[in-house]
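Here are my notes on the two-chain model you sent over.

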Amino acid sequence: MAAKETAMKATPEAEAPDPSSSRVGWVLGWVAVPGLILGAIFLGGVYVGANSEESWMTRAVMWAFG
Amino acid sequence: MSRARIKALAKLFFLLGLPLSLLAGLFAGGIYVGATHRAKILSIEKEWLGMDVEVPALPAADIDGAGPGTSHQGQRGWLGLQLEAASSVTPGASDPASPDPATPAPATPVTDGKPVDPPTSPPTTAPTTAPTSPPTSPPTTAPTTAPPTSAELPPSLLDPPLRPAMPMTVTLPERLTPALQSVARDIATVKVKVLVDSAWAEKAADPFGYVNQTVEWASSVYETQLGLRLQLQSIALWDGAPTGLGPKLAALCGRPREGAQILLAFAGEAFTGEDSFADPSCAVIPQSPRSRQAPHLRSLLFVIGRLLGAERIADPGSEVWRRGSWMGDVLADDGVPLWIDAASREAMLRGKQAAPWERGGASTDAAKTGAGAGAGAGAEDEAEEERPEEEN
């Protein structure tokens, strides 16, 4: 019982995070970093498509989407 | 298969297969965008990122403002065929006017289908064979052999290329309005006389051959895009030419023209951006130091454009400058394709209609020719070494 009481007392202090930092973390974690990764993947495809016109990947994509 | 195994496979697909396929689709979309906008992306890589890439000429589909899908009409893939079948479009209904993007723009004067030197090559073969053959062979062979060889076979197969190909690629311009298309189709020939600054000619290995090539390249570009043919009438060495573009221009315009409608002087001075022409029939052509193989070509195209009434594009940040219009960046290097923007081309075509030396310029030109021939007949012999075009 004594341990339960100490846990009940400790939780209100731990559940008071800074709202601005949590919002920044949400934006960084769900928007910025995934956007960077997905954008890098897309730009990598653009680079491959522009510079390796005769590669099998470009020909396969052009055959599929062209 | 048990239900638990099916559930595990479904979880595996949703947690692993679906994200991976989305990433692969994103990468494939990038490849598609990169392949369809290859010229623009490579030009960005070269100009903005400084990468050492070879920029191809812009395909006509991109220049005409068509979408990216139209640049690969010749090779419809699986998705294109499915979409076509769904929309019940006949496969042969593609636009016949849009050229194949795989074929580059007409870059050389030899490959555009016209003979390289019309007055010399066709007449020389026919008269020489005709008089010799009739006494020995029956007359049926001479008419059957001579005309088909010159009419059916392209001249590039009969005659080896006498001059090297143009060092710059030519990008097709944008489409014209129907009224201007008829102006561009109407071929006008302008006779040109070129003086070569002797101070610059001493440094060149073959200045007359170089002038001949440069004028021919410019003529092929202007004939293809504006219907204006530059006929090189004579090349002369200009001894004692003053230094500087302004004094050269002042001295040039008083010289005899000998029947030519435009008098040009190839100078050794670098292009400064200032106009180097006095009237529509007299201009000094400066050179571009950044061009190694044809330092006067872009400048010649620019000056002819100015003579035709097009304005100089002075804003380096404008899109037409960055795309390499020769009315803008005259000092561009040989890697930038030759291209003319729509506004300048329209102005040139309107100027071509009104140019005094196009068709009706014979009267004004005759006055200048007569005056010049009378005034400069004595000084002509000691200052110039005339050389006809055929000798080159």
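**Notes on the predicted model**

1. On the H3(A) side the residues are A:Met57, A:Thr58, A:Val61, A:Met62 and A:Phe65, and they meet B:Ala28, B:Ile31, B:Tyr32 and B:Ala35 of H1(B). Sorted by class, this contact has eight nonpolar residues, one polar and no charged ones. Bear in mind throughout that this is a predicted model.

2. Now the geometry of that pair. The axes of H3(A) and H1(B), the latter covering residues 3-36 of chain B, come within 9 Å and cross at roughly 90°. An angle from 65 to 115 degrees counts as roughly perpendicular, so H3(A) is roughly perpendicular to H1(B).

3. Zooming out to the whole interface, 21 residues of chain A are in contact with 22 residues of chain B. On the chain A side, the elements giving two or more residues are helix H2 (19-51) and helix H3 (56-65). H2(A) supplies the largest share, with twelve residues. By class, the chain A side splits into 14 nonpolar, six polar and one charged.

4. On to the scores. The model comes out at ipTM 0.75 and pTM 0.45. For chain B the average pLDDT is 70, and 62% of the residues score at least 70. Two stretches deserve a flag. In residues 89-151 of chain B the pLDDT is below 50, and this stretch has 62 contacts in the model beyond near neighbours in sequence. Residues 359-392 of chain B are also below 50, with 38 contacts counted in that way. I'd like your view on how to treat both.

5. As for the overall make-up of chain B, its secondary structure comes to 16 helices and six strands. Of its 392 residues, 34% count as buried. Among the chain B contacts with a separation of 6 or more, 68% are between residues 24 or more positions apart.

6. One helix in chain B is worth a look by itself. H10(B), residues 207-226, has 20 residues and reaches 27 Å from its first C-alpha to its last, close to the 28 Å expected at 1.5 Å a residue. Is H10(B) mostly covered or mostly open? Mostly covered: 15 of its 20 residues are buried. Just after H10(B) comes B:Gly227, which takes a positive phi of about 75°.

Notes
Residues are numbered from 1 along each chain as its sequence is written. Chains are lettered from A and ligands numbered from 1 in the order in which they are written. This is a predicted model: local features need pLDDT of at least 70, side-chain atom pairs count only at pLDDT 80 or more; totals for chains, interfaces and linings use all residues. Two residues are in contact if their C-beta atoms, placed from the backbone, lie within 7 Å. Helices (H or I, at least four residues) and strands (E, at least two) are DSSP runs, numbered from the N terminus. Ala, Val, Leu, Ile, Met, Phe, Trp, Tyr, Cys and Pro count as nonpolar, Asp, Glu, Lys and Arg as charged, and the others, Gly among them, as polar. pLDDT is the predictor's confidence in each residue, from 0 to 100. The expected span of a helix is 1.5 Å times one less than its number of residues. A residue is buried if 20 or more other C-beta atoms lie within 10 Å of its own, exposed if 12 or fewer, and partly exposed in between; C-beta atoms are placed from the backbone. Axes are lines fitted to C-alpha atoms, for helices over the stretch in contact, and angles run from 0 to 180 degrees between N-to-C directions. Angles under 35 degrees count as roughly parallel, over 145 as roughly antiparallel, 65 to 115 as roughly perpendicular and the rest as oblique.
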